[in-house]
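Subject: Handing over the structure

Dear colleague,

I am passing on the structure we spoke about, together with some notes on what was found in it. Please look through the sequence and the coordinates first, and then read on.

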Amino acid sequence: MLLNSVIIILREVLEAALLLSILMAMTRFLQLRFRWLFFALMVGFSGAIFYGTQLAAISSAYEGVGQELLNAVLQTLAYGLLIIITVLMIVNHYKVGISESLLQVAMATAVAATVTHEGSEIFIYLSALRYQPEAFSSVLCGALLGVGIGFSIGALLYYLLLSFPRRHALLVTCVLLTLVGGAMYLQVARELIQADWLPAEAPLWDTSWLLPEDSITGQLLYALIGYEATPSPLEVFIYLVSMLLMAVLLLITWFVHRKNKVPHVVQLAG
Amino acid sequence: MTERSHFYWQPLLLLTILGFFTLSSSIAQAARPQFEIEIRGHLFYPSELTIPANIKVKLIVHNQDPTPEEFESYELNREKVIMGGQKAVIFIGPLAPGVYPFFGEFNPKTAQGKIVAQGLGESFRAAE
């Protein structure tokens with residue numbers, strides 16, 4: 001019971017923690033305030049509880065695939081926001097103070113959507129304790145351990161990102177967020193395939209012998225880059241297109257805005 | 001480059017995202033063969049379900065327990081939370097003939113089962 005609850009909670013926390021640590025590192029680099037984080041977590045936790053309590057109704061909507069569709073909407077929202085965030089991040093890197101409030105709103109909304117999605121499952125899992133009072137201490141203990149491990153990994157990534165010089169940090173966060181974006185959109189594809197809104201196909205390859213999805217490394221890679229041992233051709237296609245789209249948009253933004261770079265001396269004189 | 005140059009990106013982005021989602025949501029649902037599994041006392045009934053290989057089937061999981069359960073299978077790439085007393089619809093396949101284990105993530109010690117896909121797609125469809 002204890003180990004099981006560690007794993008369940010860790011899986012859900014990890015995805016949110018990785019996104020959170022990348023965005024927090026960005027906030028530090030761009031010297032923004034952390035206030036957005038407070039709102040994001042408040043909205044996210046409320047959303048998770050609301051989603052969790054309404055899940056029975058959500059599930060039976062749309063001929064029984066409401067849960068998949070709502071998850072797909074939340075993940076699509078988060079993916080779109082990630083693009084806006086990274087674009088504004090690049091713009092801000094070259095010209096400080098552009099659309100800072102929009103950037104913070106986008107970060108807050110992305111985190112809120114992710115926390116709602118991941119948190120609802122934790123809420124539902126823990127809500128079962130009502131019926132299993134004898135499991136209370138071991139499940140709660142496991143949950144705290146899971147949260148602890150998840151946030152430790154997040155903190156590790158956060159400090160790793162902060163250790164980069166500012167110039168490289170931009171590239172590293174853009175690459176990481178593009179990977180996270182691809183993983184998010186891959187999940188959208190998975191949800192829609194499960195809901196029978198997208199065709200299912202035979203897997204393109206099977207790497208479960210090399211790296212099982214339920215191993216620690218498999219779980220970590222699942223959270224960060226959406227690792228799947230048996231992806232279908234459509235999933236691989238959607239994964240690559242969503243990353244490519246994001247990468248192209250970021251490159252265009254970089255290309256347009258890098259000319260805006262004002263040398264520090266001139267900026268002072270001006 | 002003016003200060004406002006980045007603003008034209010926002011409608012473009014919105015369009016791209018909307019387009020992407022519309023593309024994803026093309027509905028193509030035909031009648032699928034239907035199979036049912038029940039969850040009682042954190043166990044699956046039946047714990048071994050035979051389905052036809054190479055066609056998509058509609059699996060209905062009825063959770064008779066008061067507690068929620070998560071139907072999960074790495075082999076099937078499926079994951080769905082089912083609240084207590086609720087039914088969930090999960091589409092699986094088309095699967096190559098073989099054995100595909102699944103489990104209840106919230107009670108993995110007891111809630112274990114497997115889907116057996118058999119290459120009898122034609123005879124199954126005839127029986128429908």
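In chain A, the axes of α6(A) and α8(A) come within 8 Å and cross at roughly 145°, and the crossing in which α6(A) passes α8(A) is right-handed. Please keep in mind throughout that this is a predicted model. On the α6(A) side, the residues that meet α8(A) are C174(A), T178(A), G181(A), G182(A), Y185(A), L186(A), A189(A) and R190(A). Their counterparts in α8(A) are L234(A), E235(A), I238(A), Y239(A), S242(A), M243(A), M246(A), A247(A) and L250(A). Sorted by class, this contact of α6(A) with α8(A) has 11 nonpolar, four polar and two charged residues.

Turning to chain A as a whole, there are nine helices and zero strands, so that from the N terminus on the elements run α-α-α-α-α-α-α-α-α. The radius of gyration of chain A is 20 Å, which is close to the 18 Å that the globule rule gives for 270 residues, and chain A is therefore as compact as a globular protein of that length. Taken along the principal axes, the C-alpha atoms of chain A fill a box of roughly 70 × 40 × 35 Å. Buried residues make up 48% of the 270 residues in chain A, and, among its contacts with a separation of 6 or more, 81% are between residues 24 or more positions apart.

Next comes the interface, where 44 residues of chain A are in contact with 34 residues of chain B. On the side of chain A that touches chain B, at least two residues each are supplied by α1 (2-29), α2 (35-64), α3 (66-94), α4 (100-127), α6 (166-194) and α8 (233-257). The largest share of that side, seven residues, comes from α3(A), and by class the side of chain A that touches chain B has 24 nonpolar, 12 polar and eight charged residues.

Chain B has two helices and nine strands, which follow the pattern α-β-β-β-β-β-β-β-β-β-α when read along the sequence. Of its 128 residues, 34% count as buried, and residues 24 or more positions apart account for 60% of the contacts in chain B with a separation of 6 or more.

Within chain B there is an open sheet of five strands in the order β3-β9-β8-β5-β6, with mixed pairing. At the edges stand β3 (48-52) and β6 (78-82) of chain B, and because each has a single partner strand, one side of each is left without a neighbour in the sheet. The twist averages 20° from one strand to the next. Strand β5 (residues 69-73) of chain B pairs with β6(B) in the antiparallel sense over five bridges, and the bridge partner of E69(B) in β6(B) is I82(B).

Strand β4 (residues 57-63) of chain B pairs with β1 (residues 34-40) of chain B in the parallel sense over six bridges, with K58(B) as the bridge partner of Q34(B). Six bridges also join β4(B) to β7 (residues 87-92) of chain B, and these two strands run antiparallel, with V57(B) standing opposite I92(B). In a regular strand the side chains alternate between the two faces of the sheet. In β4(B), the covered face holds V57(B), L59(B), V61(B) and N63(B), while the uncovered one holds K58(B), I60(B) and H62(B).

With best wishes

Conventions
Residues numbered from 1 in each chain as written. Chains lettered and ligands numbered in written order. Predicted model: local features only at pLDDT ≥ 70, side-chain atom pairs only at ≥ 80, totals over all residues. Buried ≥ 20, exposed ≤ 12 C-beta atoms within 10 Å, placed from the backbone. Helix = DSSP H or I, 4+ residues; strand = E, 2+ residues; numbered from the N terminus. Pairing = 2+ DSSP bridges. Contact = placed C-beta atoms within 7 Å. Nonpolar A, V, L, I, M, F, W, Y, C, P; charged D, E, K, R; others polar. Axes fitted to C-alpha atoms, helices over the stretch in contact; angles between N-to-C directions. Left-handed = near helix turned anticlockwise from the far one by under 90°. Rg over C-alpha atoms; globule rule 2.2 N^0.38 Å.
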